[in-house]
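Colleague: Could you walk me through this model? I'd like to take it piece by piece.

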Amino acid sequence: MEQFTINLLFVGASFALYIGIAIWARAGSTSEFYAAGRGVHPVTNGMATAADWMSAASFISMAGLIAFTGYDNSTYLMGWTGGYVLLALLLAPYLRKFGKFTVSEFIGDRFYSPTARMVAVICLIVASVTYVIGQMTGVGVAFGRFLEISNTAGLLIGAAVVFAYAVFGGMKGVTYTQVAQYVVLIMAYTIPAVFISLQLTGTPIPALGLFSETASTGAEGSVYLLTKLDQIVTDLGFASYTEAHKDNLNMVLFTLSLMIGTAGLPHVIMRFFTVPKVSDARWSAGWALVFIALLYLTAPAVGAMARLNITELMWPNGTSGEPVSVQTIETAPEYDWMLTWQKTGLLDWEDKNGDGLIQYYNDETDAMAETAAANGWEGNELTNFNRDILVLANPEIANLPGWVIGLVAAGGLAAALSTAAGLLLAISSAVSHDLLKGQLTPNMSEKAELLSARIAMAVAIAVATVLGLNPPGFAAQTVALAFGLAAASIFPALMMGIFSKRVNNVGAVCGMLSGLIFTLVYIFLHKGWLFIAETNSFPDTVDGSLFGIQSTAIGAIGALINFGVAYGVSLMTKDTPQEIKELVESVRIPAGAGGAVDH
Amino acid sequence: MAEETTNARAAKAGADYWKANVRIILVSLVIWAVVSFGFGILLRPMLSGIAVGGTDLGFWFAQQGSILVFLALIFFYAWRMNKLDREYGVEED
């Protein structure tokens with residue numbers, strides 16, 4: 001059977017499953033639509049949270065970023081998991097005890113201010129919409145590649161599927177759909193990794209294989225996988241895989257931004273409203289991280305092993321021998337993947353010196369320039385290797401069977417679609433529940449609220465699709481903005497709302513606005529205003545940046561400003577009223593948590 | 001009069017419960033920061049003498065160790081807090 005047919009079968013079967021579940025679990029009442037009637041078990045909820053959380057960025061992109069950078073990009077691994085500790089300890093149980101449906105409802109009630117609620121809604125909508133744009137871009141690329149259709153057609157099909165189950169299913173449909181998506185996603189990620197780990201190290205668990213000795217014994221006996229990798233990449237002039245090359249300040253701030261952003265993203269926090277009890281909210285965060293860790297512990301192994309495989313394919317006779325020839329790439333079956341991906345424009349090579357061989361090396365160092373001159377090389381000939389294709393191409397690179405490739409296609413789409421659906425739900429509840437029912441038309445009926453939630457979803461997905469066709473930047477940049485915004489605006493307000501009785505309405509509003517605006521302006525100064533190229537005032541590098549901090553890491557500083565301003569302003573203005581102090585006290589104690597209170 | 005004393009006692013128990021909770025959170029967050037920002041990034045040179053599978057302990061903490069510690073922290077906190085809820089009689093029905 002052709003690979004195209006296999007991909008189609010896997011993707012088609014997984015979609016039929018998701019849509020089937022969404023129809024089976026159609027939401028009836030408002031309460032079910034938002035929070036699944038709070039009937040979701042912590043383990044189920046953890047699995048759905050994991051699917052919700054792991055997007056195209058985790059599944060498709062992250063291992064590729066680690067593969068080509070090594071240790072420095074460990075920040076993604078720590079940042080995107082460490083946030084769950086903050087969620088579990090600082091937010092989840094208290095927000096569940098509070099017992100309302102949305103994040104902005106908590107902010108509005110705790111800071112007894114419709115303005116605070118409005119500011120929170122704006123932060124949530126902006127962060128979520130930018131995040132969805134990134135996902136839709138990913139959906140388009142993945143669909144385009146595996147169905148062998150154009151990016152535009154792939155994006156439109158993806159948008160229709162997300163619309164179908166998010167709009168008609170609501171949270172309950174999404175919860176069970178996401179459990180199914182998690183299963184598809186994790187199998188798609190780990191099965192090829194197990195195969196590759198067995199090939200390279202003889203260890204079936206990739207996370208352990210990363211630190212094992214290689215299976216094939218060379219002349220000097222068996223060596224550790226990482227030692228071998230360090231050796232061959234440095235031979236070719238690349239930075240060593242395991243050493244640090246980035247400054248500590250940026251690594252720490254970037255990790256912190258991702259952690260705080262995780263604990264400030266509405267679609268993740270909302271998950272903790274859907275468990276039956278406060279104690280379940282505590283367990284839920286743990287279960288979510290268990291399911292996330294299965295992928296995150298595998299990802300560094302996928303990255304290192306793929307880097308080794310790719311480098312060895314380019315230098316089949318060792319780094320001091322003869323590199324692969326153009327003819328071999330074009331004819332040998334183990335190089336077929338290069339021809340397939342070349343068609344997408346994300347992978348390319350060029351025989352610059354016309355010797356019929358492809359020399360892959362780092363042509364930007366002085367030491368390699370000497371080697372190149374001595375050997376008649378005229379620059380790196382593997383001219384383009386997009387980081388984002390690594391995970392999707394990985395099973396092909398390792399020459400795995402066709403069904404594994406089809407499974408990875410389905411997994412990548414599950415990751416992107418599940419996150420898009422969760423974010424759409426967060427946006428729709430912000431618009432219908434907080435903006436319309438909470439502020440503009442308080443007397444609207446439950447039916448009208450449900451309808452407006454669905455309209456908000458349709459509008460959000462239309463906007464995301466249009467912007468996804470002409471994305472404001474790379475998906476990673478868009479995602480970075482979403483994280484920075486959530487970190488700088490939402491998380492500090494939620495945390496202070498629980499841990500301080502003193503922070504008042506004025507303080508919270510000033511804090512959120514200053515954190516949000518500072519972060520937004522700093523990002524725009526480095527990435528261009530509204531991401532329009534060439535409108536940036538500073539280059540987006542560590543050395544050229546305004547404070548020596550990269551724009552992706554600035555969310556952590558924005559959060560600190562938010563904390564500082566909110567507390568300072570609160571001390572200078574009127575103390576919180578007695579009933580708010582009582583509200584904070586009641587949120588801190590699990591006893592008395594009932595069902596959700598709708599108002 | 002009797003009712004007021006009961007209320008005061010309940011308020012004090014609530015305050016003690018919260019203080020105990022904050023103490024557990026602080027200890028957990030110190031561990032959280034030490035394994036990630038500490039062992040994984042800032043203190044990595046200190047751990048460079050300890051070899052782990054072709055690299056050093058700091059690399060392992062940055063790519064896997066910190067995640068495992070995060071997991072342990074969350075489950076420890078959930079278990080400890082559910083116990084604390086019962087000690088102070090503030091658990092849900």
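Colleague: Which residues of chain B does UniProt list as "transmembrane region"?

Modeller: The UniProt record, an unreviewed entry, lists residues 24-47 and 59-79 of chain B under that name. Please keep in mind that what we have here is a predicted model.

Colleague: How much of residues 24-47 of chain B is helix, and how far apart are the end C-alpha atoms?

Modeller: Residues 24-47 of chain B are 79% helix and 0% strand, with the end C-alpha atoms 27 Å apart. For residues 59-79 of chain B, the span is 100% helix and 0% strand, and the end C-alpha atoms lie 30 Å apart.

Colleague: What else does UniProt list for chain B?

Modeller: The unreviewed entry also carries "domain: Sodium symporter small subunit", which the record places at residues 16-91 of chain B. In the model, that span is 76% helix and 5% strand, and its end C-alpha atoms lie 15 Å apart.

Colleague: And in what order do the elements of chain B run?

Modeller: Chain B has two helices and two strands, and from the N terminus on they run α-β-β-α. The radius of gyration of chain B is 20 Å, well over the 12 Å that the globule rule gives for 93 residues, so chain B is more spread out than a compact globule. The C-alpha trace of chain B spans about 70 × 25 × 15 Å along its principal axes.

Colleague: How much of chain B counts as buried?

Modeller: Of its 93 residues, 33% count as buried. As for contacts in chain B with a separation of 6 or more, 56% of them are between residues 24 or more positions apart.

Colleague: Switching to the contact between the chains, how many residues does each give?

Modeller: Chain A gives 42 residues to the contact and chain B gives 37. On the chain A side, the elements that give two or more residues are α5 (74-98), α10, α11 (248-262), α13 and α23 (578-588).

Colleague: Which of them gives the most?

Modeller: That is α13(A), which gives 12 residues to the side of chain A that touches chain B. By class, this side has 28 nonpolar, 10 polar and four charged residues.

Colleague: How is chain A itself divided?

Modeller: Chain A is divided into domain 1, made of 3-309 + 396-588, and domain 2, made of 310-392. The C-alpha centres of these two domains of chain A lie 34 Å apart, and their contact takes 25 residues from domain 1 and 19 residues from domain 2.

Colleague: What does the domain 1 side of that contact consist of?

Modeller: The elements of chain A that give two or more residues to it are α4 (56-69), α10 (225-235), α13 (278-314), α17 (390-397) and α18 (402-440), and α4(A) gives the most, with eight residues. By class, this side of domain 1 has 15 nonpolar, six polar and four charged residues.

Colleague: Last topic: which residues have the most contacts inside the largest nonpolar core?

Modeller: They are A:Ala120, A:Leu185, A:Leu424 and B:Ile74, in a core of 217 residues. The largest share of this core comes from α13(A), with 23 residues. Domain 1 and domain 2 of chain A both give residues to the core, so it lies between them.

Colleague: What does A:Ala120 touch?

Modeller: Leaving aside residues up to four places away in sequence, A:Ala120 touches A:Val103, A:Ser104, A:Ile107, A:Ile490, A:Ala493 and A:Met512.

Note on methods: Residues numbered from 1 in each chain as written. Chains lettered and ligands numbered in written order. Predicted model: local features only at pLDDT ≥ 70, side-chain atom pairs only at ≥ 80, totals over all residues. Domains from an automatic or database assignment. Contact = placed C-beta atoms within 7 Å. Helix = DSSP H or I, 4+ residues; strand = E, 2+ residues; numbered from the N terminus. Nonpolar A, V, L, I, M, F, W, Y, C, P; charged D, E, K, R; others polar. UniProt positions renumbered as here; feature names shortened; annotations may be inferred. Rg over C-alpha atoms; globule rule 2.2 N^0.38 Å. Buried ≥ 20, exposed ≤ 12 C-beta atoms within 10 Å, placed from the backbone. Core = buried A, V, L, I, M, F, W, Y, C linked by C-beta atoms within 7 Å.
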